[in-house]
Structures are given as structure tokens and as C-alpha cells.
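Please open the structure shown below in your viewer and keep the selection tool at hand. The tour goes stop by stop.

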Amino acid sequence: MPHVVTSSCVNHKFQDCVAVCPVDAFREAHTYLVIDPEECIDCGACATECPVEAIYLDDNVPLNEIEWIDRNANESIDSDVANGGSPILGKLR
Ligand code: SF4
């Protein structure tokens with residue numbers, strides 16, 4: 001049961017969450033961040049740090065944001081700006 005970034009992150013990409021994640025689970029898409037469900041250990045640290053309250057445990061994602069569960073899973077593979085590099089996170093995948 002990973003944590004999930006939802007639509008409140010769009011066009012923000014705040015990095016408070018990235019700074020506290022112990023396992024580097026965040027990935028960068030073009031206009032938001034996502035959490036790789038294969039990496040997340042569900043510590044919950046990121047959720048309390050997010051200034052726009054965009055992060056939820058997957059069981060607690062609001063119904064109108066439910067698509068973001070799949071979006072985090074899928075785009076954690078295809079993200080880091082289409083695998084061409086991550087200006088914010090500073091790494092290639
Ligand atoms: Fe990282 Fe913990 Fe947030 Fe998962 S819940 S993304 S491990 S900070």
C-alpha cells in the first residue's frame with residue numbers, strides 16, 4: 001500500500017516530500033512528481049511535509065483522485081521527464 005501523489009501537485013513540484021523520503025521513491029513527470037510504488041515503504045513522512053496536501057496513503061485517496069493511483073504506478077516507470085533526465089531530482093533512471 002504505497003503513498004500516492006495526487007492532482008494538487010500539478011504545476012508545483014514542491015520538493016519538501018523528496019527531502020524526507022528515506023528510499024528515494026519520488027520520480028519526476030513534466031508537471032508533477034509521482035511516487036514509485038515499488039520503492040515506497042509507507043513511512044508517511046512525505047504526506048505531512050507536502051505544503052499542498054497532495055499525498056495520501058493509497059487506501060485514503062479521495063474518490064475524485066482515484067486515477068492517480070495508476071498514474072503514480074505507470075508514470076514512475078515512464079517519468080523522470082520521459083527518461084531523458086530529471087532537472088529537479090537530478091538523476092537519470
Ligand atoms: Fe518516501 Fe515514505 Fe513518502 Fe513512501 S511514504 S514516498 S517511503 S517518504
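The stops below cover the core, the ligand and the cysteines of this predicted model.

**Stop 1: the core.** Select Phe-26, Ile-35 and Ile-55. They belong to the largest nonpolar core, which has 20 residues, and they touch the most other members of it. Next, colour the strands β1 (3-5) and β3 (33-35), the elements that each give two or more residues to this core. Which of them gives the most? That is β3, with 3 residues.

**Stop 2: the ligand.** Centre the view on the ligand and display the largest cavity, which is where the ligand sits. Now select the residues around the ligand: there are 13, and the closest are Cys-21, Cys-40, Cys-43, Gly-44 and Cys-46. Colour this shell by class, and it divides into 10 nonpolar, 2 polar and 1 charged residues.

**Stop 3: the cysteines.** Stay with Cys-21, one of the closest residues to the ligand. Cys-21 is buried, its relative accessible area being 14%. Then move to Cys-17, which is also buried, with a relative accessible area of 6%.

How many disulfides does the structure hold? The count is 0. To see why Cys-17 forms none, select its sulfur together with that of Cys-50, which holds the closest cysteine sulfur. The two sulfur atoms are 6.3 Å apart, too far for a bond, since a disulfide requires the sulfur atoms to be within 2.5 Å.

Terms used:
Residues numbered from 1 in each chain as written. Predicted model: local features only at pLDDT ≥ 70, side-chain atom pairs only at ≥ 80, totals over all residues. Heavy atoms only, no water. Core = buried A, V, L, I, M, F, W, Y, C linked by side-chain atoms within 4.5 Å. Buried < 20%, exposed > 50% of the residue type's maximum accessible area, 1.4 Å probe, protein only. Helix = DSSP H or I, 4+ residues; strand = E, 2+ residues; numbered from the N terminus. Near = heavy atom within 4 Å. 1 Å grid on protein atoms, 1.4 Å probe; cavity = no way out; pocket = protein on both sides within 12 Å on 5 of 7 lines; lining within 4 Å. Sits in = over half its atoms within 2 Å of the grid points. Nonpolar A, V, L, I, M, F, W, Y, C, P; charged D, E, K, R; others polar.
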